[in-house]
Amino acid sequence: MKITTATRFAVVAAAVVLTLTSCAGTAAPAAPAAPATKQADSLAIEGAWMKAADGGMSAAFGVLENTGDEDVTIVSAATPASATVELHETVANDAGEMVMQETDGGYVVPAGDSFELAPGANHIMLMGLANPVKAGDEVTFTLTLSDGSTFEFDAPAKDFSGGNESYEGDTDMDN
C-alpha cells in the first residue's frame with residue numbers, strides 16, 4: 001500500500017483537528033470560591049463584664065458591635081461558669097411591671113451598629129453558677145450565631161449591688 005504525501009498530510013491534519021477540538025471542550029479548572037464571611041468575623045464586644053456572685057444567678061453585660069454589612073443574630077450563649085445560660089430581655093408583664101424573661105429569637109445586632117447588654121435591660125443570664133464568681137475573676141463566654149459561627153469573649157467579674165430584677169416563669173435559678 002502506497003501512502004502519498006497528500007494522504008499523510010490529511011491524516012496529520014485530522015489528528016491535529018481532533019486534538020484541538022478535544023482540548024476546546026475541556027474547561028479550565030474553576031478558581032476556588034472565596035471563603036464565605038462568617039457573622040462572627042464582624043462581631044466585637046466593648047466593655048464586657050459580669051456581676052460577681054457567690055452562687056445562684058449572675059449576668060453578663062457589654063456593648064456588642066457589628067462592623068459588617070449584614071445583621072448578626074445571636075441565638076445562644078454558653079460559659080463553663082454556669083449550667084444554664086439564657087439571652088434575657090426586659091418586657092412589661094400583664095400587670096404592666098417590667099420583668100426579665102428569655103428572649104424569643106435571640107439578639108439582632110444591626111449591620112454597622114451596636115446592641116447594648118446592660119443591667120435592667122438585655123443581658124446574658126447565668127443560672128446555677130458552677131462555682132462562686134469573685135470580683136476580678138475572668139469568665140469566658142461563647143456566643144453562637146444564626147449562621148453557626150461562634151464568637152468568644154472574656155468578661156471580668158465586678159461587684160455590683162444593682163440588678164435585683166423580677167423574672168417571669170421559672171424562678172428556681174439555683175439549679
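Student: Which residue in β6 is the bridge partner of Thr73?

Tutor: Val108 is the bridge partner of Thr73. Keep in mind that this is a predicted model.

Student: What makes β3 and β6 a strand pair?

Tutor: Two strands pair if there are at least two bridges between them. Strand β3 (residues 72-78) and strand β6 (residues 107-109) have three bridges, in the antiparallel sense. So the pair qualifies under the rule of at least two bridges.

Student: How many bridges join β3 and β9, and in which sense?

Tutor: Four bridges, antiparallel. Ala77 stands opposite Leu143 of β9.

Student: Why is Trp49 called buried?

Tutor: Its relative accessible area is 12%. Buried means under 20%, so Trp49 is buried. Phe61 has 5% relative accessibility, so it counts as buried too.

Student: What makes the ring pair of Trp49 and Phe61 tilted?

Tutor: The structure holds five aromatic pairs. In the pair of Trp49 and Phe61, the centres lie 4.6 Å apart and the planes make 40°.

Student: Where in the chain do the two partners, Trp49 and Phe61, sit?

Tutor: Trp49 is in strand β1 (residues 43-51) and Phe61 in strand β2 (residues 57-66). They are twelve residues apart, and the pair links distant parts of the chain. Ring pairs also bring in Phe160, to give a cluster of Trp49, Phe61 and Phe160.

Student: Which residues have the most contacts inside the largest nonpolar core?

Tutor: Leu43, Leu64, Ile74, Ile124, Phe141, Leu143 and Phe153, in a core of 31 residues. Apart from this core lies another, of five residues, among them Trp49, Ala59, Phe61 and Met127. Leu64 touches, beyond its neighbours within four places in sequence, residues including Leu43, Ile74, Phe115 and Leu143.

Student: Why is Ser82 called buried?

Tutor: Ser82 has 7% relative accessibility. The cut-off is under 20%, so Ser82 is buried. Ser82 is in strand β4 (residues 82-92).

Student: How do you know that the side chain of Ser82 makes a polar contact with the backbone oxygen of Met127?

Tutor: A polar atom of the Ser82 side chain lies 2.7 Å from that oxygen of Met127. The limit is within 3.5 Å, so 2.7 Å passes. The backbone oxygen of Thr84 lies 2.9 Å from a polar atom of the Ser82 side chain. Not counting residues up to four places away in sequence, Ser82 also touches residues including Leu126, Gly128 and Ala130.

Student: Is Ser149 buried or exposed, and why?

Tutor: Buried, because 8% relative accessibility is under 20%. Ser149 is in the loop between β9 (138-145) and β10 (150-158). The side chains of Ser149 and Asp147 are joined by a polar contact of 2.6 Å. Leaving aside neighbours within four places in sequence, the contacts of Ser149 include Lys38, Ala40 and Leu143.

Student: Why is Asp137 called partly exposed?

Tutor: Its relative accessibility is 32%. Buried is under 20% and exposed is over 50%, so Asp137 falls in between and is partly exposed. Asp137 is in the loop between β8 (123-129) and β9. The Asp137 side chain reaches the backbone nitrogen of Lys134 at 2.8 Å.

Student: What makes Ala53 buried?

Tutor: A relative accessible area of 12%, which is under 20%, so Ala53 is buried. Ala53 is in the loop between β1 and β2. Its contacts, leaving aside neighbours within four places in sequence, are Ser58, Leu129, Pro132 and Val133.

Student: What share of the protein's residues is buried?

Tutor: Buried residues make up 35% of the 175 residues.

How values were computed:
Residues are numbered from 1 along each chain as its sequence is written. This is a predicted model: local features need pLDDT of at least 70, side-chain atom pairs count only at pLDDT 80 or more; totals for chains, interfaces and linings use all residues. Side-chain values use heavy atoms; hydrogens and water are left out. Buried means under 20% relative accessible area, exposed over 50%, partly exposed in between (1.4 Å probe, protein chains only). A polar contact is a pair of N or O atoms within 3.5 Å; within protein, one must be able to donate a hydrogen and the other to accept it, and residues adjacent in sequence count only if both atoms are side-chain atoms. Contact means heavy atoms within 4.5 Å. Rings of Phe, Tyr and Trp (its six-membered ring) pair if their centres lie within 6.5 Å; planes under 30 degrees apart count as stacked, over 60 as edge-to-face and the rest as tilted. A nonpolar core is a set of buried Ala, Val, Leu, Ile, Met, Phe, Trp, Tyr and Cys residues joined through side-chain atoms within 4.5 Å.
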